[in-house]
Amino acid sequence: MKILVLLSFLFILSGCNLRVLDPKTQTASDQAFLIYLSFGIMMFVVLVVALLFIAFTVKYRETEKNRHDVPKHEEGNRTLEIIWTVLPIILLIGLAVPTVMITYDVSYIGASSDDNAVHVNVTGEQFRWTFEYENGKETHKKLVLPEDREVIFHLTSKDVIHSFWVPKLAGKIDVLPGEENRLKVTPEETGTYQGKCAEYCGTLHADMRFEAEVMEQEEFQAWLNEE
Ligand SMILES: [Cu+2]
């Protein structure tokens, strides 16, 4: 019975076309790379520990022959101590350096941006989004973006904490009242992508869905200039 309930959940969830890890921007690819990298490092550690665990269990198991042996007392082992100090340091540096670099880059913190970038003010409120372009054009349900051009989102909230999430463009980013978070993406493929609020913000939270449509540049410019 339980398994049936679980399977039906799978069936329902598979109906979402909010596919993650299907990047359509450099930002999303970089973030996917970080997920795979940390997963890879984690699997390496899990594997080494599991193999050592099995090896030691077999090697030092009790047998007829060694039943009454008293193990020799060890006074530390410099080689081993160096290995288990240095190895985690190397792994953590391997994780930290790309994480900090990519996080800074996609958060548009002090990064020199090209003058041609499109800036969009994104405001979250209970229960809708407002996307405001530089010429004052505003939309709510549809975010329109140009292909192959840098887009910088300036995100802020009018009330509670929301979270801006278009999985194919980038990972979730918090939208906070009284503060501006920034996110940089360059859409690489035209298409319509699903977006939503990813932080429960009240009764109509689920209404904060929207579509992000990526258009060719001329088409985008025409859309931007029309009333
Ligand atoms: Cu919300």
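Colleague: What's the make-up of residues 79-104, helix or strand?
Modeller: Helix. This is a predicted model, and in it residues 79-104 are 100% helix and 0% strand. The end C-alpha atoms of that span lie 37 Å apart.

Colleague: What does UniProt call that stretch?
Modeller: The unreviewed UniProt entry places the feature "transmembrane region" at residues 79-104, and also at 34-58.

Colleague: And how far apart are the ends of 34-58?
Modeller: The end C-alpha atoms of residues 34-58 are 36 Å apart. That span is likewise 100% helix and 0% strand.

Colleague: How many helices and strands in the chain?
Modeller: Four helices and 10 strands.

Colleague: Now the overall shape. What is the radius of gyration?
Modeller: The protein chain has 25 Å. A compact globule of 227 residues would be near 17 Å. Along the principal axes, the C-alpha trace spans about 90 × 55 × 35 Å.

Colleague: What share of the residues is buried?
Modeller: 31% of the 227 residues count as buried. The chain exposes about 15,200 Å², and carbon and sulfur atoms supply 61% of that area.

Colleague: What about contacts across the sequence?
Modeller: Take contacts between residues at least 6 apart in sequence. Of these, 68% join residues at least 24 apart.

Colleague: And charges? How far apart are the mean positions?
Modeller: 11 Å, for 21 positive and 33 negative charges.

Colleague: Let's zoom in. Where is serine 163?
Modeller: Serine 163 is in strand β6, which covers residues 162-165.

Colleague: Why does serine 163 count as buried?
Modeller: Because its relative accessibility is 1%, and buried means under 20%.

Colleague: Which residues is serine 163 in contact with?
Modeller: Leaving aside neighbours within four places in sequence, serine 163 contacts Trp129, a run from Lys172 through Ile173 and Asp174 to Val175, and another from Lys196 through Cys197 and Ala198 to Glu199.

Colleague: And phenylalanine 164, buried or exposed?
Modeller: Buried. Phenylalanine 164 is also in β6, and its relative accessible area is 2%.

Colleague: Switching to threonine 123. Which strand is it in?
Modeller: Threonine 123 lies in β1, residues 118-125.

Colleague: Why is threonine 123 put in the buried class?
Modeller: Its relative accessible area is 18%. The cut-off is under 20%, so threonine 123 qualifies as buried.

Colleague: What does threonine 123 touch?
Modeller: Not counting residues up to four places away, threonine 123 touches Arg128, Trp129, Thr130, Thr156 and Lys158. Trp129 is also among the contacts of serine 163.

Colleague: What sort of peptide bond joins glutamine 126 and phenylalanine 127, cis or trans?
Modeller: A cis bond, with omega about 0°. Glutamine 126 is in the loop between β1 and β2, the latter being 128-133. Phenylalanine 127 is in the loop between β1 and β2 as well.

Colleague: What surrounds glutamine 126?
Modeller: Beyond its neighbours within four places, glutamine 126 is in contact with Asp159, Val160, His162 and Cys201. Glutamine 126 is partly exposed, with a relative accessible area of 36%.

Colleague: How far is glutamine 126 from tyrosine 108?
Modeller: Their C-alpha atoms are separated by 26 Å. The two are 18 residues apart along the chain.

Colleague: Last topic, backbone angles. What is phi of leucine 21?
Modeller: Near 55°, a positive value in a residue other than glycine. Leucine 21 is in the loop between α1 (2-13) and α2 (26-59). At 40% relative accessibility, leucine 21 counts as partly exposed.

Colleague: And where is aspartate 148?
Modeller: Aspartate 148 lies in the loop between β4 (142-146) and β5 (151-157). Phi of aspartate 148 is near 55°, also positive in a residue other than glycine.

Technical notes
Residues are numbered from 1 along each chain as its sequence is written. This is a predicted model: local features need pLDDT of at least 70, side-chain atom pairs count only at pLDDT 80 or more; totals for chains, interfaces and linings use all residues. Side-chain values use heavy atoms; hydrogens and water are left out. Helices (H or I, at least four residues) and strands (E, at least two) are DSSP runs, numbered from the N terminus. The radius of gyration is taken over C-alpha atoms; the globule rule is 2.2 Å times the number of residues to the power 0.38. Buried means under 20% relative accessible area, exposed over 50%, partly exposed in between (1.4 Å probe, protein chains only). Contact means heavy atoms within 4.5 Å. Accessible areas come from the Shrake-Rupley method with a 1.4 Å probe; for residues, only the protein chains shown count as cover. Lys and Arg count as positive and Asp and Glu as negative; His and the chain ends are not counted. The place of a charge is taken as NZ of Lys, CZ of Arg, CG of Asp or CD of Glu. UniProt positions are given in the numbering used here, feature names are shortened, and annotations may be inferred rather than shown by experiment.
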